[in-house]
Amino acid sequence: MKAIKKTWAVAAIKYEAIAHNMAVLTGPLMTIGLVLVMRFIYQDKSDGIISPEALASLLVLGISLNMCMNGVAMVSTLISEEKEKHTLRVLMTASVTGGEYFAGTILFPFLLTVGINLLFLPITGCSVNGAGFAVYLATTVIGAATSCVIGTIIGIYAKNQMSASMLCMPVLFVFMLIPLFAGLIEGLEKITGFLFTGVLSEAAGEIAQGRVYHLGAFQTAVLLSELVIAVLLFLLAYRKNGYEKD
Amino acid sequence: MSQKIVLELNAVSKRYKTELALKDISLTLCEGEILGFLGPSGAGKTTAIKIITGQLRQTSGEARILGTDSENLDASIYERIGVVSDQSGVYEKMTVQRNLEIFASILEVPKSRVTEVLQKTGLYEHRKKPAGKLSKGQGQRLVLARAVLHKPRILFLDEPTSGLDPATAVQIHEMLLELKKEGMAIFLTTHNMEEAACLCDRVALLCRGQIAELDSPEALCIKYNTKKQYRVRLEDKTEVTLTETPEDIRKLSELLKENKVVTLHSCEPTLEQVFLQATGYRLNAEQGISQGNNQKHAGGTRRKGVVR
Ligand SMILES: Nc1ncnc2c1ncn2[C@@H]1O[C@H](COP(=O)(O)OP(=O)(O)OP(=O)(O)O)[C@@H](O)[C@H]1O
Ligand SMILES: [Mg+2]
């Protein structure tokens, strides 16, 4: 009960931080805006009817952006902002535990990432059946969790918001750009299957083209193992330094 | 002392890689007592607070806070102590009141207490302002208000008045004395001698990680009053300083008998001078530890017009 109250208090702090920080808010706004604009461009080019291939590439674009901007980048910014303003230590010396802080911090970014991914379906005008939706939802939830944990790891190592965005760069490069350009550059197609964002994009692409998509054993393994690895890395980093090194 | 001991350090030492930051620190703190940790920059004050409040591990020795060994502390200890570090921040975009409400919900304190604390710290009229817009002194009061929301048994303050103007510092002192009256134990660090002298029941003089002296400011000043001297102001507006030589004592009693004395002061050294004598180092906020000029400060008294 106490833990839930404290977690909720942290989440409330983060909610206000998201709502009042334009740098954080641009993430979700840009993702949604970009997908909307792209949709109208595609629609214009093809007299109102979007081809399934175009629809698929719209979803891939949205999902890669969303996972990285609203999961990884947002969480790491939120944590490093508290370090910069010297409020993280204050929370920890006001009886908030590491676990409560973690849960409270990722709650809204996680919900936002899942929500935006779901929003892409109506925005792009993609129609999915029940089974397709179930796969889409499941991969979205696991993917969003993975990116929030990666964001936390970066938050642990970043001293301020500046260094957080620096540290985010290579992560975004891998998890955002590789799935995005996989369709264009041949070498990347082989790599993208090993990334959770790649698996998500692949699944979304298939679903968008009206094909029944079943997550294979390999894809499931990629999704789950990357979540587990992220959590382990987080625990390792947290054990070593806490959120803030002394 | 008959009061309850809330904090106990026993030969605590801390080594950062190569540097010994704290060496064999032993002390106790009782309910309703203000203990000052006094030392120049780099003496180890912040390190001591971090160890006691469980934010840092000591290298050796034992610290017990409210009966719990500091190595076994978990987050719940913070429901019973308040900590203000030397750079505690506030949520700048939230209002003053919201800042306190957030911590009230974390510490399970009723909302009415927020209003109470706002009034006590004189922040009530500023409660709707974003915390980032407060002046430095107001901000420090907000940090303090947050730390005492849950009426902690012990309050830890790392340089609570550094960088504040004297008037604001006095406001903070008054708040602390009021909290002390309510039975709160206060552990504060400072490099301001006057602050320590007027606020603390006892002070620990810390130099290079070691406690050189630990006693009440008055007792320390008396202890280091090795050359007793009296400053006498006479009717004809001259000032003389008399020592304890038989000759001077005779002179003093004559002056008194003849009713020529306007004022008479004993010249104990100030805490600043005591620190210099006890550690050989001068307290200096800006420059940190600096070797004191013993020649100039020896005895610690003004030698003006010594009567022969
Ligand atoms: N994390 C650290 N790693 C290595 N050395 C450290 C660390 N923290 C403090 N020190 C060293 O330990 C000594 C004591 O530092 P501390 O911060 O406790 O001083 P202080 O008395 O609080 O000084 P100030 O008045 O400037 O705040 C200093 O010499 C400092 O350089
Ligand atoms: Mg300090």
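**Exercise 1. Describe the open sheet of chain B: which strand order does it have, and which strands stand at the edges?**

Solution. In this predicted model, six strands of chain B make an open sheet with mixed pairing. The order is β6-β7-β8-β3-β9-β10. Now take the edges. β6 (81-84) and β10 (210-215) of chain B each have a single partner strand, so one side of each lacks a neighbour in the sheet. From one strand to the next, the twist averages 15 degrees.

**Exercise 2. Find how strands β7 and β8 of chain B run, and how many bridges join them.**

Solution. Strand β7 (residues 154-158) of chain B and strand β8 (residues 185-190) of chain B run parallel. Five bridges join them. Take one residue: Asp158(B) has Thr189(B) in β8(B) as its bridge partner.

Next, look for a helix on the sheet. Helix α9 (residues 271-279) of chain B packs there, touching β3 (34-38), β9 (202-207) and β10 of chain B. The directions of this helix and β9(B) make about 45 degrees.

**Exercise 3. Classify the packing of helices α3 and α9 of chain A: parallel or antiparallel?**

Solution. Start with the axes. Those of α3 (residues 52-84) and α9 (residues 196-208) of chain A come within 8 Å and cross at roughly 150 degrees. Angles over 145 degrees count as roughly antiparallel. α3(A) and α9(A) are therefore roughly antiparallel. Their crossing is right-handed.

Then list the contact. On α3(A), the residues include Leu55(A), Leu59(A), Ile63(A) and Met67(A). On α9(A), they include Phe196(A), Leu200(A), Ala204(A) and Ala208(A). By class, the contact has 11 nonpolar, four polar and no charged residues.

Definitions and conventions. Residues numbered from 1 in each chain as written. Chains lettered and ligands numbered in written order. Predicted model: local features only at pLDDT ≥ 70, side-chain atom pairs only at ≥ 80, totals over all residues. Heavy atoms only, no water. Axes fitted to C-alpha atoms, helices over the stretch in contact; angles between N-to-C directions. Helix = DSSP H or I, 4+ residues; strand = E, 2+ residues; numbered from the N terminus. Parallel < 35°, antiparallel > 145°, perpendicular 65-115°, else oblique. Left-handed = near helix turned anticlockwise from the far one by under 90°. Contact = heavy atoms within 4.5 Å. Nonpolar A, V, L, I, M, F, W, Y, C, P; charged D, E, K, R; others polar. Pairing = 2+ DSSP bridges.
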